[in-house]
Amino acid sequence: MAEELDRLGIFGGTFNPIHMGHLVVAEEVRERFSLDRILFVPSYLPPHKSVDVAPARDRLAMVRLAIKGNPFFGLSDLEVRRGTKSYTVDTLKDLADKVKARLYFLIGSEAFLHLHTWREPPELFKYADFVVMERAGREVTLEELEDYLAEFHGRFSQVEFYYHGKVEDVQIFSVQGEGFESRLYLTPVVNIGISSTGIRKRLRKGMSIKYRVPDEVETFISERGLYR
Ligand code: ATP
């Protein structure tokens, strides 16, 4: 991959399945942060979740169907191709080596609060700026985020966080580590209370998922008999 982009969003996730919540927040962040592109990176075998996960090739196919109408969205099979458990730090490092772009890692607020359990937490900030999206129903206040970052520093003294203030609803921190400085943003996004868990539950109960996922994803799920 020899891309020459200036600002590249990286949206990692299980996408089990991809849903309208993912798409609408990605588009919102792309616009707000003037990103040239957003790359969706489905994980192979998610390190933290393993039950009820559709095959990687099906999750990739669903993301491909979901994003095809958006020229700013792309799909990477980097983690799936690796064929082993995926760690975000490896993915970000790989992408940082391959693409000439500043990387922005998109993550929901609830997921961010578990960052200390990921592999090599301080290293994550070395390769990308973090865009923490205030997910519907799981928003974090500035104080909660500051507490978490202080706790994070307590565990991993190699990184320190400094609050810079707020610009147009986006809270900005700088992240200083050994030999690097990056940014962490806390941003509101449209309140869409859709989750993959909720979609899988609805399917198991035989309920409709129309308008929660793109039409073609709905058809794909029904044709492949996923999540029954
Ligand atoms: P699950 O319900 O199985 O945990 P999910 O809906 O959270 O799945 P993931 O693929 O795990 O989907 O999410 C990828 C990323 O997208 C995570 O950082 C998550 O926080 C974020 N995300 C998912 N849904 C939303 C939403 N509705 N609004 C904002 N962020 C979201």
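Helices (H or I, at least four residues) and strands (E, at least two) are DSSP runs, numbered from the N terminus. This is a predicted model, in which local features need pLDDT of at least 70, side-chain atom pairs count only at pLDDT 80 or more, and totals for chains, interfaces and linings use all residues. Residues are numbered from 1 along each chain as its sequence is written.

Q: How many helices and strands does the secondary structure of the protein come to?
A: Both kinds of element are present in the protein. The secondary structure comes to 9 helices and 8 strands.

Q: What percentage of the 228 residues in the protein is buried?
A: A residue is buried under 20% relative accessible area, exposed over 50%, and partly exposed in between (1.4 Å probe, protein chains only). Of the 228 residues, the buried share is 50%.

Q: Which residues of H7 are buried?
A: The face of H7 turned away from its buried side carries the exposed residues Asp-147 and Gly-154. The buried residues of H7 are Leu-142, Leu-145, Tyr-148, Leu-149 and Phe-152.

Q: Which strands are included in what covers the buried residues of H7?
A: The cover includes helix H5 (109-112) and helix H6 (121-127). It also includes strand S6 (160-167), strand S7 (170-177) and strand S8 (180-188).

Definitions and conventions. Heavy atoms only, no water. Contact = heavy atoms within 4.5 Å.
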